[in-house]
Amino acid sequence: MTRAYVTETGSGSAEGERSGSRVRRLLDGWKGDPGIWRRGLVLAGLAVLIALVMLVHAQIPNRIGNLGSLTETFLPWLGLFVPVLLGLALWRRSATALIALVLPAVVWLNFFGGLLTDKESKGGNLVVATHNVNADNPDPAGTARELIASGADVLALEELPGSSVDAYAKALGGTYPHHSVQGTVGLWSRFPLSDAEPVDIKMGWTRAMRATVSTPAGQVKVYVAHMPSVRVKLSAGFTARQRDASADALGDAIASEPLKKVVLLGDLNGTMNDRALNNITSQMRSTQGAAGNGFGFTWPASFPMARIDQIMVKGVEPKSSWTLGRTASDHLPIAARLKV
């Protein structure tokens, strides 16, 4: 004899009843409790403060330890305070804190919500990649293999020690027949290079270059740059003065570039939110912001917390942007597909 078993679903299910009961118990526990408005005032104040920091970050002065730039470097991470404060507000049963939390949540989503969506589109005829390979990299050949696997047509390397240039040139030569190394930065390409030369970024030695890449779709001027490092010190704050001056010099060089199609590849030691890079970011687009998926953090490689390695374009359309797998460096490499 065959029996049919029917499982009830919907509002009549036991699971639905249990869920509804939990919600009703929570609401019943808050009813008639005048303390829900008095409790959690400190939490509410913290929520408003976080929102204000995000809203007025551009007005935080850099005169004291470059505090403004430091805040802007890690600005997205302020969003982590929202779920933490939410949990505390529920634990404290504070309606005031819960309402106040709406403000930082809305501000964060307005600033960074667009980065959570995949903006990749089809098409493109040029793949570029960049990587700070780390001067102490113990495996140049392995790093080169990882970068070749990205399928990049044009590849930029930063922090190239003189002792490793030949190793990288040998490992990359079979895929990229054209290359130029200027100081501690280099450019490798499947397509012919011309007019390769250093770019003065006011450091006293060469950490930036440019070259014309003759792609099948036309000439593109490619800049490679490694901005001076920044440090966070208790005695001096966020020391970035030399980086800031170099960023201004690089921005001036790009602004005076006669070619209309320009790509910047490199380790800028700064994020797109950092005002110190305004002379660059005001005239170029970040491929990650325009065509990436997520924040694309690149440093430190062991636990990425900031995207300080950048691919930026002017006169070129970004189609896709992504972070590559880890190498023996302390940075993650990045790549982008462009339409020239």
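Helix α3 passes helix α7 in a left-handed crossing, meaning that the near helix is turned anticlockwise from the far one by less than a right angle. In this predicted model, local features need pLDDT of at least 70 and side-chain atom pairs count only at pLDDT 80 or more, while totals for chains, interfaces and linings use all residues. Residues are numbered from 1 along each chain, and side-chain values use heavy atoms, leaving out hydrogens and water.

Look at residues 41-55 for α3 and 102-112 for α7: their axes sit 8 Å apart at an angle of about 25°. The two helices are therefore roughly parallel, a label for angles under 35 degrees. From α3, Ala47, Ile50, Ala51, Met54 and Leu55 meet Leu103, Pro104, Val107, Trp108 and Phe111 of α7, where contact means heavy atoms within 4.5 Å. Those residues split into 10 nonpolar, no polar and no charged.

Now hop over to the loop between β10 (262-267) and α11 (278-281), where you'll find Thr271. Thr271 is buried at 5% relative accessible area (buried is under 20%, exposed over 50%, partly exposed in between, with a 1.4 Å probe and protein chains only). Its side chain reaches the backbone oxygen of Glu72 at 3.5 Å. Asn269 lies in that loop between β10 and α11 too, and is buried at 10%.

Most residues other than glycine have a negative phi, and most peptide bonds are trans. Asn269, though, has a positive phi near 50°. Lys202 has a positive phi of about 60°, but Lys202 is exposed, at 54%. Finally, the peptide bond from Trp299 to Pro300 is cis, with omega near -10°.

How values were computed:
Axes fitted to C-alpha atoms, helices over the stretch in contact; angles between N-to-C directions. Helix = DSSP H or I, 4+ residues; strand = E, 2+ residues; numbered from the N terminus. Parallel < 35°, antiparallel > 145°, perpendicular 65-115°, else oblique. Nonpolar A, V, L, I, M, F, W, Y, C, P; charged D, E, K, R; others polar. Polar contact = N/O pair within 3.5 Å; in protein donor to acceptor, adjacent residues only side chain to side chain.
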